[in-house]
Amino acid sequence: MWDDREAMARVAARDAGGLEVLYDRYSTMVYSLALRIVRNTSDAEDVTQEAFAQVWANGSRFDPVRGAVPAWICVIARSRALDRLRRIGTAGTPARGEAAFEAIPDPSPSVEVMAASAEQVVAARDALAALPPEQRTALELAYYDGLTQAEIAERTSTPLGTVKTRIRTGLQRIRDAMGLRHAPTGGEG
Amino acid sequence: MTHDEVRDALPLFVVDADDQAMRRELLDHLAGCDECRHALQEYQQAADALAQSVPQIRPRPELRARTLAAIVGTGTQAEGAKVHRMPSAAPAPATRAGWAPWLAAAAALVAAVATAGLFQTRAELSEMRSTLAVWQARMADAERNAQASQATLVTYRRQLDVMTADDLLLVSLSGLPPANAAQAKAFVSRSQNAILFTARDLPSLPAARVYQLWAVAGGQAISAGTFVPDARGRSQLVADVPALTARPDALAVTVEPEGGVPAPTGPKYLLGVPAAN
């Protein structure tokens, strides 16, 4: 069985076998995320189809230096799901999830980013569940509902600065729980 | 934005909750700051784990075929492969003196630009075809749904026509031994040549047997079709009975061999006469 990189190379070469491998490996992940966001099976199925259509269409643009294949597919799935939410009128703003992914250019040294391990995903899930409710709510409204910081502030009747702090602290805790705590690289910035 | 401000904004950036007005500055800073790019990558991984930590639910198996057929079932992949392998324009040999090498170089440049344009156009075309295929699959789904809805609508319309007919007759049928508990109701309209029939608590049938509904008029039994009740002894029937030209004197249900018979042969399980109009 092809690994992710080989499957992506096949997709980039317009080999449908590559897409089949990716579908079999990640359709549950895509569908589950879509279902969490759009909250109905019919739209989640459409989102799944659109997400893999985009994987097929943009396969040649995938850059392993920016992130692992499942991360890239997740970013696409989330964007398509939030687009769908917006079309059915329950999300406030356009999904821009791909911007952050695209903005990771040429890390130094340039190495392929590894996919999150199963242990890291479990750690992230546990960390999310353990967040104080107000932090978890702010993070979930941003990530799963696609609300902007201003919209979250309005929705939760909370000052904007507090919303920012909650999201920042929440995601930092998840990052730390995954063992990803940032080590400064020594004045390169 | 200062370095510290960007660092603070990164967790918000990866979940799209950053300040949009400041995004250009944030991206400019990222382009020149390794430390912030590393930090961004870590937050991005945390956000990815968020995506993967929702309850994992497998999609319906049918979605695989639908998705793959819609995306790659249009024959665009072979064309796409050609696009990716398309050779660039060969440089003209610069062996001739004078303007020839310049003209050849210019021609090569034009060809290269045209090739790049073609590449872009073909890639866009491929993407558009993928999108079109998705929509075609959805249209086919919608059409199937519409046909099913249309069939349901025709049935409802038929039932409504019967129920609102001027010559509507109501027949209550009672169970006969061994089907004492069975009950049924029928709405009969000669002008609509139809009987709406609904029964409950019918006994389960022996092997290779069905229930058959009869309208008895002028001493003749006219078949209104056969049926098999569900596990709870219930059944519904919308029967077209063009032979029903006279007011029925009675309705009956008998047990008959599979496929039904032209005239009743088996035991009667239900019997009823029309209510007086």
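A quick word on the ground rules. This is a predicted model, with local features needing pLDDT of at least 70 and side-chain atom pairs counting only at pLDDT 80 or more, while totals for chains, interfaces and linings use all residues. Residues are numbered from 1 along each chain as its sequence is written, and chains are lettered from A and ligands numbered from 1 in the order in which they are written.

Now for the confidence scores. The model scores ipTM 0.82 and pTM 0.53.

| Part of chain B | pLDDT |
|---|---|
| Chain B | mean 79; 78% of residues at 70 or more |
| Helix H5(B), residues 76-85 | mean 33, lowest among the elements |
| Strand E7(B), residues 250-257 | mean 94, highest among the elements |
| Residues 74-97 | under 50 throughout |

Chain B has 6 helices and 8 strands, all being DSSP runs numbered from the N terminus (helices H or I, at least four residues; strands E, at least two). Of its 277 residues, 27% are buried.

On to the cores. A nonpolar core is a set of buried Ala, Val, Leu, Ile, Met, Phe, Trp, Tyr and Cys residues joined through C-beta atoms within 7 Å. The largest has 78 residues, with Ala34(A) and Ala124(A) making the most contacts inside it. Helix H2 of chain A (residues 16-38) gives the largest share of this core, 12 residues. Domain 1 (1-102) and domain 2 (105-189) of chain A both contribute residues, so the core lies between them; the bounds come from an automatic or database domain assignment.

Neighbours within four places in sequence aside, Ala124(A) contacts Ile174(A), Ala177(A), Met178(A), Ala46(B), Ala49(B), Leu50(B) and Ser53(B), a contact being C-beta atoms, placed from the backbone, within 7 Å. A second, separate core has 25 residues, including Leu173(B), Tyr211(B), Trp214(B) and Ala215(B).

Technical notes:
A residue is buried if 20 or more other C-beta atoms lie within 10 Å of its own, exposed if 12 or fewer, and partly exposed in between; C-beta atoms are placed from the backbone. Two residues are in contact if their C-beta atoms, placed from the backbone, lie within 7 Å. pLDDT is the predictor's confidence in each residue, from 0 to 100.
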